[in-house]
Amino acid sequence: MPELPEVEIVKRSLDRKIKFKKINKVVVRNRNLRFRIPKNFEFFLKYKKINKILRKSKYLIFNLNNNTFFIVHLGMSGTIHLVSNKNYHNSNTSFYGNSNLPKKHNHILIFFRKIKLVYNDPRRFGFFKIFSSKKKLFNYFNKYGPEPFDKKFNINYLKKKLKGKSKNIKNYLLDQKFVSGIGNIYASEILFFCKINPSVESRKLSLENYKKLIYYSKYILKSAIKKGGSTIKNFTNTDGKFGSFQKNFNVYQRENLKCLMKNCSGIIKKKIISNRSTFYCNICQK
């Protein structure tokens, strides 16, 4: 599943490619995604212009010119492709997907003048939703916690949410109601830099731990965005460029390799926490 940096890269790519373009036609080939595509979806989008494309957490938000919106969540295997008359650009946000996915999984097509957006999703865990006003859009996202870049993600917030809690900190970082946008890859990397064991109970964290969590959450995500996200297999933006942050992984998918922290003799270990692979240094993160 793409995390905040990968969705941010796709958002920026799509904003460059289709911003201000008019939607001429919408074709829904399969309404049975994670949530059924509403009957009025085609009518809702047709003849509207894309004012801007935004991102919230792991969602793409398409702002239309009449102050209405539709959002896209890519799920486990959803990918967005831009097809033009001259070139095929692929914004493939599925780490484990294939850039040449079968056309039978092209569930939604949005046509502009010289280009079309294709939503492909073999597992159909992604979804689209429409909103007739900004208020309704905001209400939908009220259940999500602040992003790491948000000023609300501060020491007082961490104290309030984590004090006395027995749930481990790795699960908190993955909980979108606590902090939105962080997924499995970046949670492991953040905790490594913080030198916090992913299994530690949140109530045992110190003020210094809070400061590190805030700082390194921002640091890791900004670094990943700067490097175009992480390409585990076939993730690219709409210009066909791969992300390179995976070259900077310190723990993720480095099981049994030496810790990269200076003067550390530790080995990267792997454990399963809540059915997710978690990587950590057995010395740095005791």
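Which residues line the second largest pocket?

1. Basis. This is a predicted model, in which local features need pLDDT of at least 70 and side-chain atom pairs count only at pLDDT 80 or more, while totals for chains, interfaces and linings use all residues. Residues are numbered from 1 along each chain as its sequence is written, and side-chain values use heavy atoms, with hydrogens and water left out.

2. Pocket. The lining of the second largest pocket consists of Lys56, Phe138, Phe141, Asn142, Lys143, Tyr144, Gly145, Pro146, Asp150, Lys152, Tyr157 and Lys177. A pocket here is an open set of points on a 1 Å grid over the protein atoms alone, where a 1.4 Å probe fits, with protein on both sides within 12 Å along at least five of seven lines; lining residues have an atom within 4 Å of a point. The space in this pocket is about 270 Å³, a volume being the space filled by probe spheres set on the points, which are joined across faces, edges and corners. By class, the lining has 5 nonpolar, 2 polar and 5 charged residues. Ala, Val, Leu, Ile, Met, Phe, Trp, Tyr, Cys and Pro count as nonpolar, Asp, Glu, Lys and Arg as charged, and the others, Gly among them, as polar.

3. Ser180. Ser180 sits in the loop between helix 5 (169-174) and helix 6 (184-194). Ser180 is buried, at a relative accessible area of 0%; buried means under 20%, exposed over 50% and partly exposed in between, with a 1.4 Å probe and protein chains only. The Ser180 side chain reaches the backbone oxygen of Gly145 at 2.9 Å. Beyond its neighbours within four places in sequence, Ser180 is in contact (heavy atoms within 4.5 Å) with residues including Tyr144, Gly145 and Pro146.

4. Met76. The loop between strand 4 (69-73) and strand 5 (79-84) holds Met76, which is partly exposed with a relative accessible area of 33%. Met76 and Pro122 lie 46 residues apart in sequence, with 9.2 Å from C-alpha to C-alpha.

5. Ile272 has Ser277 in strand 11 as its bridge partner. The hairpin has 2 residues between the strands, and Ser274 takes a positive phi near 50 degrees.

6. Whole chain. The chain has 7 helices and 11 strands, taken as DSSP runs numbered from the N terminus (helices H or I, at least four residues; strands E, at least two). Of its 286 residues, 55% count as buried.

Methods. Two strands pair if DSSP finds at least two bridges between them. A polar contact is a pair of N or O atoms within 3.5 Å; within protein, one must be able to donate a hydrogen and the other to accept it, and residues adjacent in sequence count only if both atoms are side-chain atoms.
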